[in-house]
Amino acid sequence: MENLLLWADPIAIAVFAASGALVASRKGLDVVGFMLIAAVTGFGGGTVRDLLLGRTPVFWLRAPLLLGVCAAVAVLVFFAAHRVESRFRALLWADAVGLALYAVLGAETALIAGADPWAAVLLGTITATFGGILRDILCNELPLILRREIYATAAAAGAALFVVLRVSGTERDLALAGGAALGFAIRATGIISGWSLPVYRPRPARDYPNQG
Amino acid sequence: MENLLLWADPIAIAVFAASGALVASRKGLDVVGFMLIAAVTGFGGGTVRDLLLGRTPVFWLRAPLLLGVCAAVAVLVFFAAHRVESRFRALLWADAVGLALYAVLGAETALIAGADPWAAVLLGTITATFGGILRDILCNELPLILRREIYATAAAAGAALFVVLRVSGTERDLALAGGAALGFAIRATGIISGWSLPVYRPRPARDYPNQG
Amino acid sequence: MENLLLWADPIAIAVFAASGALVASRKGLDVVGFMLIAAVTGFGGGTVRDLLLGRTPVFWLRAPLLLGVCAAVAVLVFFAAHRVESRFRALLWADAVGLALYAVLGAETALIAGADPWAAVLLGTITATFGGILRDILCNELPLILRREIYATAAAAGAALFVVLRVSGTERDLALAGGAALGFAIRATGIISGWSLPVYRPRPARDYPNQG
């Protein structure tokens, strides 16, 4: 378990990189395109977190190992993606692991930087979702955040549990594991069952202008 | 009037948050999705401004009150949006108020940071428009900036008037109020009349490849 | 040649600004919209580079000359674009020049900031591509990076050659010129011939949900 926590950051980067490479495969890019989308997705959330906190130069400029992880994942997906039965489901699950990990890691970094607890939950949610948002925008896909299954809520719940545990004195490893587990469980439920929170139901769209 | 100016920043955040929540309602998100889009829209412009100027950690990490405003606005819209006759028009007006306020607030921050006057106008325009751009991109809507009615021009005019007034020695409150009033008046004219500046008229699209 | 290198930054800004204004003309914006899109495209790549490295306030806040270049290019395109036979091809070529220049300039800035060589190649690629990505996202166009012709690969190759030359002791001017020439040559080949690297070929899209 401790080892897992030590590796939470590289694992989050690797699974998000894989989700990015899977979207690149859906778009028919070349191998350099795979690497670029993988890197942007893998580093995106942590980069936004570092920028908002003022921790620059950002972490990946001096982390050849992490760059290697991204590149290796991208090449692997480039050559192996045709063996995956449903690339879309593989992408959902990789994204879910990254979402759960970055939610607690983002919240922790915010707390360490002296952010107030509510802001830590928001920063965790933003860190968890922005890598995927950048990926989907770059690739002209509908952002996962707009799909019906519960998504941002999973990140927010994981970050919130982590913050509550930490503020109430729980030790770091337990709080990280608990928050990530809750976030992943909620998102997994959403993927498996298509379950969502009660959503706003728009009335018939009389007043909606046509949009592109 | 002085009170209004003191509250310009929270008001800009609240109205942009409302515009974000209204777009979330058009997309049928859950309440956490409402809060996230409200926060990104409300804090987006000010965050871009702070990042460009190097003022980090960004302001909302230590502003529980502003987070509360965003969350309250999101919840209110979640439960009350069905009572609004045209959510799209409500969204246009909320966005217009935020646009006018952030244009002058962004320009002022740039001047204080020692930016040159032209750059202050550009930064004001960017601050005013990027919250809404982030909102529309996240929600896969056509950015307001691409609609026919005058938009970026309103922000630029408000920021420019503020900068001219300040550089020529007018006191702060008057310059802020004047710039915001001009920006709002121009944008309001655009909304009410569908009026636009002379636009570039493309020739028949012989050479345009199909785009997604 | 030396003069050209001295002017690499303003030239990259000017050609990207022109590509932004050309997209604005395809969208039928007004002249202020032209200026805003031109500025965002021209300054986008360099701004992302500066933010990631922590070099704030960003460069254009104190560079009235560069702002003037962007504005002049925007106005020129506003009045002259109808004379261009194919605005889309003009845009491709302006973008190609900017891509090649920003790839090496971005990589150089990263090296100077102490980034490791692989990270410098990635930062060069990001610097070269993000101005155009911001332009295309703001204007709701399909990002050039998703088109079939080789694109990100050209930026990465130019940045990589520059980094290899610099690390192996070549002098700055030669390395910059070599990297930019390679990047431009590869991208030009892609534009002229529609040539691309072997791409990932998706299987029939059984499991693809419909996307907007």
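**Leu123(A)**

I began with Leu123(A), which sits in helix H6 (residues 117–138) of chain A. I note here that this is a predicted model. Is Leu123(A) buried or exposed? I found 28 C-beta neighbours inside 10 Å, so Leu123(A) counts as buried, the cut-off being 20 or more. I then listed its contacts, leaving aside neighbours within four places in sequence. Within chain A these are Arg49(A), Leu52(A), Gly106(A), Ala107(A), Ala110(A) and Ala115(A). The list also has a residue of chain B, Leu61(B). I looked up one distance along the chain as well: Asp173(A) is 50 residues away from Leu123(A) in sequence, and their C-alpha atoms are separated by 19 Å.

**Leu53(B)**

Next I went to chain B, where Leu53(B) belongs to helix H3 (residues 31–53). Its C-beta neighbours inside 10 Å number 20, and Leu53(B) therefore counts as buried. Which residues does Leu53(B) contact, leaving aside its neighbours within four places in sequence? I noted Thr109(B) and Ala113(B) from chain B, and Thr56(C) and Pro57(C) from chain C. Gly114(B) lies 61 residues from Leu53(B) along the chain, with 9.8 Å between the two C-alpha atoms.

**Chain A as a whole**

I counted eight helices and zero strands in chain A. Read along the sequence, the pattern is α-α-α-α-α-α-α-α. Chain A has 212 residues, of which 59% count as buried. I also took the contacts in chain A with a separation of 6 or more, and 72% of them join residues 24 or more positions apart.

**H2(A) against H4(A)**

I looked at how helix H2 (residues 8–27) and helix H4 (residues 64–80) of chain A pack: the angle is about 35 degrees and the axes are 9 Å apart. The crossing of H2(A) and H4(A) is right-handed. From H2(A), the contact takes in Pro10(A), Ile13(A), Ala14(A), Ala17(A), Ala18(A), Ala21(A), Leu22(A) and Ser25(A). H4(A) brings Leu66(A), Val69(A), Cys70(A), Val73(A), Ala74(A), Val77(A) and Phe78(A).

**H3(C) against H4(C)**

In chain C I took helix H3 (residues 31–53) and helix H4 (residues 64–80), which pack at about 130 degrees with axes 8 Å apart. H3(C) and H4(C) are therefore oblique to each other. Their crossing is right-handed. On the H3(C) side I listed Val31(C), Phe34(C), Met35(C), Ala38(C), Ala39(C) and Gly42(C). On the H4(C) side I listed Cys70(C), Ala71(C), Val73(C), Ala74(C), Val75(C), Val77(C) and Phe78(C). The contact has 12 nonpolar residues, one polar and no charged.

**Confidence**

Last, I checked the scores. For the complex the predictor gives an ipTM of 0.80 and a pTM of 0.84. Chain A averages a pLDDT of 84, and 87% of its residues score at least 70. Where in chain A is confidence lowest, and where highest? The lowest is helix H1 (residues 2–6), at a mean of 56, and the highest is helix H7 (residues 152–167), at 94. Over residues 203–212 of chain A the pLDDT is below 50, and this stretch has 10 contacts in the model beyond near neighbours in sequence. Where pLDDT is low, the predicted coordinates should not be read in detail.

Note on methods. Residues are numbered from 1 along each chain as its sequence is written. Chains are lettered from A and ligands numbered from 1 in the order in which they are written. This is a predicted model: local features need pLDDT of at least 70, side-chain atom pairs count only at pLDDT 80 or more; totals for chains, interfaces and linings use all residues. Axes are lines fitted to C-alpha atoms, for helices over the stretch in contact, and angles run from 0 to 180 degrees between N-to-C directions. Helices (H or I, at least four residues) and strands (E, at least two) are DSSP runs, numbered from the N terminus. Angles under 35 degrees count as roughly parallel, over 145 as roughly antiparallel, 65 to 115 as roughly perpendicular and the rest as oblique. A crossing is left-handed if the near helix is turned anticlockwise from the far one by less than a right angle, and right-handed if clockwise. Two residues are in contact if their C-beta atoms, placed from the backbone, lie within 7 Å. Ala, Val, Leu, Ile, Met, Phe, Trp, Tyr, Cys and Pro count as nonpolar, Asp, Glu, Lys and Arg as charged, and the others, Gly among them, as polar. pLDDT is the predictor's confidence in each residue, from 0 to 100. A residue is buried if 20 or more other C-beta atoms lie within 10 Å of its own, exposed if 12 or fewer, and partly exposed in between; C-beta atoms are placed from the backbone.
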